[in-house]
Amino acid sequence: MSQNTPAPSSADPIIAMRNVEKHYGTFHALQGVNLEVKRGEVVAIIGPSGSGKSTLIRCINRLETISSGEIVVDGVKVEQGKNLALVRAEVGMVFQQFNLFPHMTALRNVAIAPIRVRGIAKAEAEKRARQLLERVGLGAHMEKFPDQLSGGQQQRVAIARALAMEPAVLLFDEPTSALDPEMVGEVLDVMQSLAATGVTMLVVTHEMGFARRVAHRVVFMESGQIIEQNAPDALFDTPQTERAKAFLSSIMHGAAG
C-alpha cells in the first residue's frame, strides 16, 4: 500500500454488510456477503466479470435492492423511506459512464446537487464547485459542456460532483473502464490524491496497480461471494485460495501477453 494513504481513522465500520443476499430471478448475484469498511479506509474490490462486484456497491446506496440481510452506512440502516435519503446524502457514487447532465456546464454539474438536495445558496455552491474542479485539475474547463470534454475530463467532473455533497463515503464502479488507455492515469491520479486526504473509498476496479498502490485492503470476489480479502501485498503475492491464485495468474498472463 502507498505510504501516502493514511491509516483508517477509526476501528468503527462506516459501512457494514451482514449476510447480504441478492437474487435476480433464479440468478444468485450475491451470496452471504459480509463486509465492513472503516472510516478513512480505501478498499478495492477485484474479481472476474459477473462476480457481483458492481452489484455489491450498488446495493450500498440502494440502486439495487437486496433480497435479504442488512446494510448499515454510518449508523443508518439502508432501507426505503427517509433513511434512504439520509444514506444517499452521505454516499457519493462515480459510475463507469460519467452520467453528467449534457445540457449543463461542468460547473453547474458539480453545483446542482448541493443547491437542490442540501439547500445551499447558489453562490456558495458554485464557489465550492470551482474549488473542487480546481482540485481535480479542471480549473480551465469549468464553463465547458460534457461533449466539449474528453472522457477523462468528464470522469474527473463526475468525481468533483460526488465530492460536492461532502459524502462520508465514495463508491467507484469501474471508474476507468470506459476510458481510452491514455486517460486512465489522470483519473487514477485524482483518486490517489483523494485517498491521501483520508476519504473513505470503496472501489470496484480492474486496475491492479492502483489497488496494490493505494488500497488498505483488497477484496477478491467470485460467483457472488467474497472469496478472500487481505492487505494488497499479501493478496497479490501470496493468495490463500486456489480461486484467487487462478484469477491473479490469468491477469498476469494477460498483462504479459
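## Close-up views of a predicted model

**View 1. The largest nonpolar core.** The largest nonpolar core has 51 residues. I46, L133, I159, F172, M191 and M201 have the most contacts inside it. Helix α6, residues 181-196, gives the most to this core, with 8 residues. A core here joins buried Ala, Val, Leu, Ile, Met, Phe, Trp, Tyr and Cys residues through side-chain atoms within 4.5 Å. Buried means under 20% relative accessible area (1.4 Å probe, protein chains only). The model is predicted: local features need pLDDT of at least 70, side-chain atom pairs count only at pLDDT 80 or more, and totals for chains, interfaces and linings use all residues. Residues are numbered from 1 along each chain as its sequence is written, and side-chain values use heavy atoms, without hydrogens and water.

**View 2. Around L133.** Contact means heavy atoms within 4.5 Å. Neighbours within four places in sequence are set aside. L133 then touches A106, L107, V110, L138, G139, M142, V157 and A160.

**View 3. The second core.** A separate core has 29 residues. V33, C59, I71 and F95 are among them.

**View 4. The whole fold.** The protein has 9 helices and 10 strands. These are DSSP runs, numbered from the N terminus: helices are H or I, at least four residues; strands are E, at least two. Buried residues make up 51% of the 257 residues. Of the contacts with a separation of 6 or more, 67% join residues 24 or more positions apart. The C-alpha atoms fill a box of roughly 55 × 45 × 35 Å, taken along the principal axes.

Note on methods
Buried < 20%, exposed > 50% of the residue type's maximum accessible area, 1.4 Å probe, protein only.
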